[in-house]
Structures are given as C-alpha cells and as structure tokens.
Amino acid sequence: MLRGLLIDLKDQVKPPLTVGLIGVGGFGASHLKALGPLETEGLARLVCVADLADTPLASTRRTLESRGVRWYSDYKSLLEKELDLDALAIAAPIHLHMEIATAAIARDLFVYLEKPPVPLIQQLDGLLALDLHKKVAVGFQLVNSQPVQQLKLWITQGALGEIRNFRVGGCSPRSTVYYARAPWAGKMIYDGKPVFDGPATNALSHWLHNIMYLAGGKMDEFGLPLDVEAELYRIKPIESYDLIGMRGHMESGASFQYVVTHATEEAVPCKLEVVGSKGRAWVFENGNVPGNDLGLLESAQSCADPFLETWRQFVRFALGTQPRPATRLDDTRGYVLATNAALASSGGIRDIGQIWGESRQNACQPGLAELVEQTVQEGKLFSEMKVDWSRSGKSIKIAEWLPSTYVTRLGYFHKNSFT
Ligand SMILES: NC(=O)c1ccc[n+]([C@@H]2O[C@H](COP(=O)([O-])OP(=O)(O)OC[C@H]3O[C@@H](n4cnc5c(N)ncnc54)[C@H](O)[C@@H]3O)[C@@H](O)[C@H]2O)c1
C-alpha cells in the first residue's frame with residue numbers, strides 16, 4: 001500500500017507539463033497557438049517540435065528556437081533525444097497517427113492525438129491494447145463547445161424526453177487547393193498506410209463524433225453504433241470519397257443519420273438535431289447558441305475557445321488535477337466503428353464523377369446541397385431518393401461484423417498496411 005503510494009507520488013507530473021509537438025505546419029500551428037496561454041498560466045511548456053518541412057516553416061523554426069524550443073526533422077529522433085518529456089501532441093498527417101502514437105505510448109507519455117485517432121478499427125483496438133494507463137486523449141474539441149455541452153445536459157437531464165433520433169447534415173466545399181496541399185489529402189492509402197481521408201473521416205468528423213458523444217448515457221460517456229447502413233460517393237477526381245450518407249441505430253436505441261459532403265459549390269453549415277419524445281434541440285456549426293422548440297433555458301458554461309479548453313483539460317488530466325480528458329482514446333470507438341462499417345456497408349466508394357465530365361475537377365452537383373438537406377429531413381439515404389447515380393449499401397450489424405475481413409475485402413486497404 002505504502003509502496004504503491006510512493007510510486008504514485010514519484011510518478012506524479014509536476015507543472016509545467018513538458019510538451020513535444022509532432023507536425024508544426026497545417027493544424028499544428030493551432031497547437032502552437034493554444035500552448036501560448038497554457039504556458040502563461042504555468043500549466044505547460046513546449047520544449048521541442050518535429051516537422052520534416054524545414055524550409056516552408058523556416059520563420060516558425062527561428063521563432064521557436066529563439067524561445068529555446070528544440071527542432072527535429074522527424075518524430076523518431078525527437079523521441080530518442082528528448083528523455084524528459086511528459087506529453088506528446090500529434091498533429092501529423094492521419095496515416096502517421098498509428099506509428100507515432102505507438103511510439104509515444106511505448107515511452108509512457110501522455111498523448112494529445114489529433115482526430116481522427118486512426119483510420120481503422122483494427123488500429124484503434126491495437127492502440128487501446130497498448131494504452132494500458134489510458135494516457136491518450138483525442139482532439140475532438142467540439143464536444144467541449146457550449147452548444148454541444150448544452151445539448152448533452154438537456155439530454156442527460158431528460159428535458160427532451162426519450163431520445164429517438166440524432167441527425168447531421170452539412171456541406172463544406174473543398175477546392176483543388178485543399179486536395180493539393182498535402183500528398184495524403186483525398187487518399188485512401190498513402191505510403192502503404194491507410195488514410196481514409198474524406199468529410200466523415202477528417203474535416204467533418206467532429207459532427208459524427210458529436211453524435212456518439214450525445215448518445216452516451218452520462219455527461220462523460222460516449223455511445224456505440226448497433227448497426228450502420230451507408231453510401232459513399234466520389235465526385236471530384238480523388239482516390240477517396242467526398243459525399244457520404246450514413247444511417248443506423250445506437251446501442252441506446254436511438255436512430256442516427258449523418259449526411260455530409262465536400263462536393264457542393266455552396267457551404268451549408270452542419271446542423272446537428274436531436275429529436276426526443278418531448279421535443280427537439282439543435283446546434284449549427286460555428287453557432288454560439290443551441291436552439292430548441294421547448295423554450296428550454298441554457299445552463300451550460302460558456303466556452304470561448306473549445307480547442308484551448310480541450311488542451312487545458314488534457315494538461316490538467318496529465319497533471320492529475322482532472323480525472324479525464326474530454327475524449328479518451330476508448331471514447332472514439334463508436335466513431336471509428338461507424339466510419340469503418342460505413343465503408344464496408346457501401347461496398348466501396350461509387351465513382352459518380354463522370355456525370356459531370358470535365359467539370360468534375362471543379363466539383364459540385366447543382367442541387368446537391370438541397371439533396372443533402374432533403375435526405376436528412378426525410379431520414380433517407382441517396383438510393384431512396386430516386387437519384388439515378390445512387391447505389392444502396394447493406395445494413396451491417398456491428399456485433400456480427402468482422403471489421404478486418406470486411407475492410408480488407410474492399411481492396412482499398414491492404415492487410416499488410418494495418419500495422
Ligand atoms: N481538430 C481539428 O479541428 C483539426 C483541424 C484540422 C486538422 N486536424 C488534424 O490535424 C492533423 C494534421 O492535419 P493537417 O491538415 O494540418 O496536415 P498537413 O499535412 O497539412 O500538415 C501536417 C504537418 O505535419 C508535417 N509532417 C508530415 N509528415 C511528418 C513527419 N513524418 N514528421 C513530422 N511532421 C510531419 C507536415 O510537414 C505539416 O507541417 C490531422 O490529423 C488532421 O485530421 C484537426
């Protein structure tokens with residue numbers, strides 16, 4: 001007993017938490033920014049970073065080095081040399097999450113892993129088996145936004161009655177510049193590793209994870225899907241998909257629907273609506289306040305910057321002053337299961353770009369945004385909307401489904417790439 005206590009005290013991380021960051025460009029810049037206030041508060045200190053893009057980041061490197069932050073060109077040398085680190089943030093491309101997180105867990109570091117945690121459920125289960133001390137958090141920061149917290153409060157307090165349905169619809173156009181910014185963008189596999197980049201599995205993944213969060217029974221619980229039926233389509237000339245319609249049931253008994261795309265001309269902010277036996281509540285992407293049709297008052301704490309708040313919670317968790325981060329690695333199981341089952345259910349991505357011929361490069365089906373909205377309103381998949389390019393998937397019962405065999409059979413992922 002005493003021995004256990006001594007070990008606990010010895011292992012306790014003292015502020016400031018020493019942090020390393022892998023991936024400085026792209027979204028890594030937001031991590032650098034969030035770490036600023038945490039350093040001022042004395043909670044964390046960035047001591048080293050790694051990014052292989054040395055030249056484009058030359059000015060960032062100079063600034064960081066002038067503050068004493070050590071720069072490495074790859075995560076392996078960083079981990080080899082930095083022996084006093086407490087935590088590692090991983091904002092590297094998706095196909096590298098698995099190997100970098102594995103290396104960080106082997107060092108027994110606290111890990112802030114960007115969303116999506118890893119592309120495949122087999123990889124997630126592999127990481128979960130390694131993360132024995134539950135030190136990995138995943139950066140789905142929108143669960144911390146005030147409107148999502150408010151929805152969760154209304155749900156858990158029973159204000160909406162028995163929850164029957166969660167639904168998300170949204171269109172977030174992406175240009176060729178977006179797909180050209182990184183070699184892994186729009187890919188299913190890059191460098192022999194699964195990426196599964198697309199609206200549900202990258203940019204708009206927050207909104208699927210939000211459904212999983214809201215379907216969890218308690219404030220800090222996340223739900224799991226029971227069954228999934230989905231259709232994935234490719235409109236732009238990319239390897240991956242840019243339009244997805246998904247439907248299913250959660251273990252809670254509620255149904256869910258999630259329809260998003262990158263292939264419209266116009267942006268339609270994601271709307272997440274919760275339908276209960278007493279009434280409805282909803283939240284819009286970038287919206288500051290949730291809506292409801294019951295006249296319910298708001299009681300959730302305001303949160304000006306969900307990303308900074310998610311970082312702060314991670315740091316407090318690592319310092320032992322908070323029991324858990326906002327999203328633990330095991331909380332993402334519902335999200336990863338849903339995306340993997342969606343791909344398997346679809347029978348593979350259906351290429352419908354030829355309908356737009358030459359113009360597919362510039363995206364966008366006229367009327368696609370309206371169609372997305374209509375499918376969500378009617379609770380249907382595209383194949384049920386009588387559009388001639390559609391192809392129905394088959395419903396997958398998660399408990400009977402063997403993800404490894406399903407996903408490998410699709411030919412987009414090779415078994416050897418799963419490490
Ligand atoms: N939480 C959010 O809201 C949010 C928003 C955007 C992106 N992301 C996530 O952030 C991650 C990075 O996405 P991105 O769009 O910024 O990617 P990106 O490719 O644009 O940038 C990633 C950075 O990592 C660097 N990098 C690449 N390979 C590396 C390696 N082997 N070692 C070290 N650095 C390496 C690149 O040079 C680049 O600077 C992804 O997981 C993405 O899903 C999260």
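**Entry 1: a loop residue**

I began at N286, which I found in the loop between strand 14 (280-284) and strand 15 (291-292), where helices (H or I, at least four residues) and strands (E, at least two) are DSSP runs, numbered from the N terminus. I note at once that this is a predicted model, in which local features need pLDDT of at least 70 and side-chain atom pairs count only at pLDDT 80 or more, while totals for chains, interfaces and linings use all residues. Residues are numbered from 1 along each chain as its sequence is written, and side-chain values use heavy atoms, with hydrogens and water left out.

Most residues other than glycine have a negative phi, and most peptide bonds are trans. Is N286 buried or exposed? N286 counts as exposed because its relative accessibility is 73%, given that buried means under 20% relative accessible area, exposed over 50% and partly exposed in between, with a 1.4 Å probe and protein chains only.

F196 sits in the loop between strand 9 (193-194) and helix 9 (205-214). With a relative accessibility of 2%, F196 counts as buried.

From F196 I went on to R234, 38 residues away along the chain, and found their C-alpha atoms separated by 13 Å. R234 belongs to strand 10 (residues 225-234), and its relative accessible area of 10% is why R234 is buried. A polar atom of the R234 side chain lies 3.2 Å from the backbone oxygen of S240. For such a polar contact I used a pair of N or O atoms within 3.5 Å; within protein, one must be able to donate a hydrogen and the other to accept it, and residues adjacent in sequence count only if both atoms are side-chain atoms.

**Entry 2: two cis peptide bonds**

I then checked the peptide bonds, and the one joining P15 and P16 is cis, with omega about 0°. P16 has its place in the loop between helix 1 (2-11) and strand 1 (17-22). The bond from K115 to P116 is cis as well, with omega near -15°, and P116 lies in the loop between strand 5 and helix 6 (121-130).

I also looked at P117, whose C-alpha atom is separated by 9.6 Å from that of Y335, 218 residues apart along the chain. Y335 lies in helix 11 (residues 333-346) and counts as buried, because its relative accessibility is 1%.

**Entry 3: aromatic rings**

How many aromatic pairs does a search of the whole structure find? The search gives 13 pairs; rings of Phe, Tyr and Trp (its six-membered ring) pair if their centres lie within 6.5 Å, and planes under 30 degrees apart count as stacked, over 60 as edge-to-face and the rest as tilted. The rings of F110 and F317 have centres 5.6 Å apart and planes at 90°, so I recorded this pair as edge-to-face. The pair links distant parts of the chain, since F110 is in strand 5 (residues 110-114) and F317 in helix 10 (residues 306-318), 207 residues apart. Both F110 and F317 are buried.

Y178 and Y179 make another edge-to-face pair, 5.2 Å from centre to centre with 80° between the planes. Y178 counts as buried at 16% relative accessibility, and Y179 is buried with a relative accessible area of 13%. Ring pairs also link F27, Y112, F307, W311 and F314 into a cluster.

**Entry 4: the ligand**

Last, I went to the ligand, where F27, D51, K115, Q141 and R181 come nearest of the 25 residues around it; a residue is near if one of its heavy atoms lies within 4 Å. This shell divides into 13 nonpolar, 8 polar and 4 charged residues, counting Ala, Val, Leu, Ile, Met, Phe, Trp, Tyr, Cys and Pro as nonpolar, Asp, Glu, Lys and Arg as charged, and the others, Gly among them, as polar. At least three residues of the shell come from each of domain 1 (10-141) and domain 2 (143-301 + 329-418), with bounds from an automatic or database domain assignment.

A polar side-chain atom of D51 lies 2.6 Å from an oxygen atom of the ligand, and one of E114 lies 3.0 Å from a ligand nitrogen atom. For N202, a side-chain N or O atom is 2.9 Å from an oxygen atom of the ligand. On its own the ligand has 850 Å² of accessible area, of which the protein covers 84%; such areas come from the Shrake-Rupley method with a 1.4 Å probe, and for residues only the protein chains shown count as cover.
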